[in-house]
Amino acid sequence: MIENHQEYAIVKINSQDKHKEVVNKQLTIVNQFFPPDYAATGQLIEELAYELKGNFDLVTVFSSQPAYAFKRDDLPRWEHHQGISIRRSRSGVGYGRVRSKAVSGLIFFLRAALHLLKHAPHRQVVLLTTAPPFLPLLGYFFNLCFKTSYICLLYDLYPDILTELNVLKKEHWLSKLWDSCNRLAWKKASAIIVLNSTMKDRILKKCPEIADKIVIIPNWADTQKIQPVQKKENWFALKHKLTDRFTVLYSGNMGRCHDMTTLVDAMIILRDSPIQFTFIGNGYKLEYVQDEVEKHDLNNCLFLPYQPKEDLSYSLSAGDISIVSIDEGMEGLVVPSKLYSALASGTPIAAICPSHSYLHEILAEGNFGAAFVNGDSEGLANYIDRLSKNPELVKSLGDSAHDYCMKNYTRGKIAQSYLGLLKSLP
């Protein structure tokens with residue numbers, strides 16, 4: 001395959017990066033979402049690409065036009081920004097319900113295949129995410145045809161999510177075919193990155209022979225851009241009148257995999273208390289939450305859209321406690337990336353999750369909040385009420401949250417894990 005050097009700007013290592021050992025390869029990252037889209041995977045990929053840029057001949061990201069939280073088709077098809085090459089396919093398809101997501105993902109899959117056929121040089125490592133969820137299969141085909149090395153980065157586990165949601169039956173031919181395709185892609189991959197031990201266990205039950213390929217690398221927070229801000233000095237809190245009220249914050253996607261019912265029931269229990277519940281974001285279950293608020297005439301709830309990345313320090317710090325949730329049956333299938341940003345903002349965490357969730361372990365280890373099993377709305381309500389009356393405890397838990405993030409989940413630390421893995425590949 002002939003390299004087209006005219007279409008790529010070779011990364012120049014600046015004076016700050018001269019100490020870095022450059023891998024004599026090019027890295028291509030394929031993910032359907034990329035900023036300015038709000039999807040968490042896109043923001044993570046952007047930060048990872050910038051962290052790795054000085055360690056490879058070239059880092060390229062192939063993505064789509066924004067279609068996750070808003071739709072645009074006017075961004076440049078190609079640009080070179082701060083040392084990485086960004087390629088975007090033509091306009092994205094609306095990303096709303098399951099059918100729209102499937103169509104959008106299939107179109108992006110085909111465009112990604114064409115891009116790799118046209119541009120992938122011989123010395124190439126390809127990092128394929130699960131956005132869309134069947135994207136790793138692309139690596140299998142390219143390895144089969146061109147011996148291309150690829151790594152699977154599993155943000156979500158499909159078709160398991162769909163079967164847990166009863167969108168698809170386990171016995172359905174599509175579920176079985178999808179599982180077979182996953183196993184093919186995993187076996188040919190140079191490595192499989194998962195986000196926690198529970199996800200690793202789920203994969204090993206399906207494909208035990210790939211145990212030596214699985215590497216656990218968690219997500220992270222951009223601790224340079226997200227930092228604690230005192231509420232009384234926080235323009236976001238002032239603007240939305242949150243400075244003088246204990247604020248429970250849910251910031252991020254309210255999707256099918258998130259337990260909003262336990263939180264709503266806790267809100268109903270606390271309806272007569274001077275506690276403010278603030279929701280920032282969107283998702284499938286947003287309408288459910290809004291309907292329940294109206295049904296029970298709750299007057300202590302505020303709904304806001306996704307906030308720009310540059311404002312996250314202020315929006316996240318406006319909360320006195322942040323909610324992280326995983327629905328029953330979803331443990332190991334999805335990972336709430338909102339956890340890391342909340343920790344970076346120095347906010348205590350209340351996690352709603354199954355009893356075997358990894359969240360129980362890290363909350364106990366970091367001492368920055370508490371976890372509640374799905375359905376324990378009374379326990380959650382009592383905890384929120386307790387914290388609302390104890391600002392010293394809130395401050396202590398918030399400091400622990402920020403410290404735990406700085407020790408474990410900075411993007412620099414996690415990027416080193418990625419780099420170590422990429423350097424180890426033949």
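## A buried asparagine

Asn234 is buried, having a relative accessible area of 0%, where buried means under 20% relative accessible area, exposed over 50% and partly exposed in between, with a 1.4 Å probe and protein chains only. The model is a predicted one, in which local features need pLDDT of at least 70 and side-chain atom pairs count only at pLDDT 80 or more, whereas totals for chains, interfaces and linings use all residues. Residues are numbered from 1 along each chain as its sequence is written, and side-chain values use heavy atoms, with hydrogens and water left out.

Asn234 lies in the loop between strand S8 (214-216) and helix H7 (235-239); helices (H or I, at least four residues) and strands (E, at least two) are DSSP runs, numbered from the N terminus. When its neighbours within four places in sequence are left aside, Asn234 is in contact (heavy atoms within 4.5 Å) with Val229, Tyr314, Ser317 and Ala318.

## Aromatic pairs

Rings of Phe, Tyr and Trp (for Trp the six-membered ring) pair if their centres lie within 6.5 Å, and planes under 30 degrees apart count as stacked, over 60 as edge-to-face and the rest as tilted. By this rule the count comes to 15 aromatic pairs. One of them is the tilted pair of Tyr250 and Phe279, with 6.3 Å centre to centre and 35 degrees between the planes. This pair links distant parts of the chain, since Tyr250 belongs to strand S9 (residues 246-251) and Phe279 to strand S10 (residues 275-280), 29 residues apart. Both Tyr250 and Phe279 are buried.

Phe372 and Tyr383 also form a tilted pair, at 5.5 Å centre to centre and with 55 degrees between the planes. Here Phe372 in strand S14 (residues 369-372) is linked to Tyr383 in helix H13 (residues 377-388), eleven residues apart. Phe372 is buried at a relative accessible area of 9%, and Tyr383 is buried at 10%. Elsewhere, Phe109, Phe134, Tyr158 and Trp178 form one aromatic cluster.

## Crossing of H1 and H15

The axes of helix H1 (residues 40-52) and helix H15 (residues 411-424) come within 10 Å and cross at roughly 70 degrees; axes are lines fitted to C-alpha atoms, for helices over the stretch in contact, and angles run from 0 to 180 degrees between N-to-C directions. H1 and H15 are therefore roughly perpendicular to each other, a class that spans 65 to 115 degrees, while angles under 35 count as roughly parallel, over 145 as roughly antiparallel and the rest as oblique.

The contact is made by Glu47, Leu48, Glu51 and Leu52 of H1 together with Arg411, Gly412, Ala415, Tyr418, Leu419 and Leu422 of H15.
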